[in-house]
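Here is a short tour of one protein model, with a look at its strands and its cores. Have the viewer open and follow along.

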Amino acid sequence: MENDKFKSIVNKYIAESVSGRIVEIIYDVTSKNQRFALIINQVLWYAVRLVLKLENKVGNGIFIEKISEHLFLSGAKEKCDTIIKDLKLSDIMYPETNNTSFDRDIAKIFSVKVIIFE
């Protein structure tokens, strides 16, 4: 049930914010059992996007747009593998609330802007 709810959040995000063809969606959990999805979409290039679920009832997740862009699908898949490895090895428990220090920390890790999607 909880997994279906997370997938519906991801689908809503895709419908509202992602253009082009969806090539692949990878669902997994972090080392601290937080759900995340990696989305590969293609317009003229391949983009990798991350959806990370918060562990509270306030918001539906944290979305990080365009973690990277790649000319070839193989590059996008390699980036997904790296992100999965990092999230599975990290001891970070992503916080229960949105705060600016978390925004800075996660943005520094992925070098991107953080967006709260409610």
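Predicted model: local features only at pLDDT ≥ 70, side-chain atom pairs only at ≥ 80, totals over all residues.

Two strands count as paired if DSSP finds at least two bridges between them.

## Strand pairing

Strand E1 (residues 21-29) runs antiparallel to E2, and 8 bridges join them. The two form a hairpin with 5 residues between them, and Asn-33 in the turn has a positive phi of about 70°.

On to the next pair: E2 and E3 are also antiparallel, joined by 7 bridges. A hairpin of 3 residues links E2 to E3. Across this pair, Phe-36 has Leu-52 in E3 as its bridge partner.

## Asn-41 in strand E2

E2 is largely enclosed by the rest of the structure, because 6 of its 8 residues are buried. Asn-41 has its place in this strand and is the bridge partner of Ile-22. Is Asn-41 buried or exposed? It counts as buried, because its relative accessibility is 2%, against a cut-off of under 20%.

A polar atom of the Asn-41 side chain lies 2.8 Å from the backbone oxygen of Ser-19. Leaving out residues up to four places away in sequence, Asn-41 also touches others, including Val-18, Arg-21, Tyr-46 and Arg-49.

## The nonpolar cores

The largest nonpolar core has 14 residues, and Phe-36, Leu-38, Ile-40 and Cys-80 are among those with the most contacts inside it. Strand E2 (35-42), strand E3 (46-52) and helix H2 (73-89) each supply at least two of its residues. H2 gives the most, with 5 residues.

Another core, of 8 residues, lies apart from this one; its members include Tyr-13, Val-18, Ala-37 and Val-51.

Key:
Residues numbered from 1 in each chain as written. Heavy atoms only, no water. Core = buried A, V, L, I, M, F, W, Y, C linked by side-chain atoms within 4.5 Å. Buried < 20%, exposed > 50% of the residue type's maximum accessible area, 1.4 Å probe, protein only. Helix = DSSP H or I, 4+ residues; strand = E, 2+ residues; numbered from the N terminus. Polar contact = N/O pair within 3.5 Å; in protein donor to acceptor, adjacent residues only side chain to side chain. Contact = heavy atoms within 4.5 Å.
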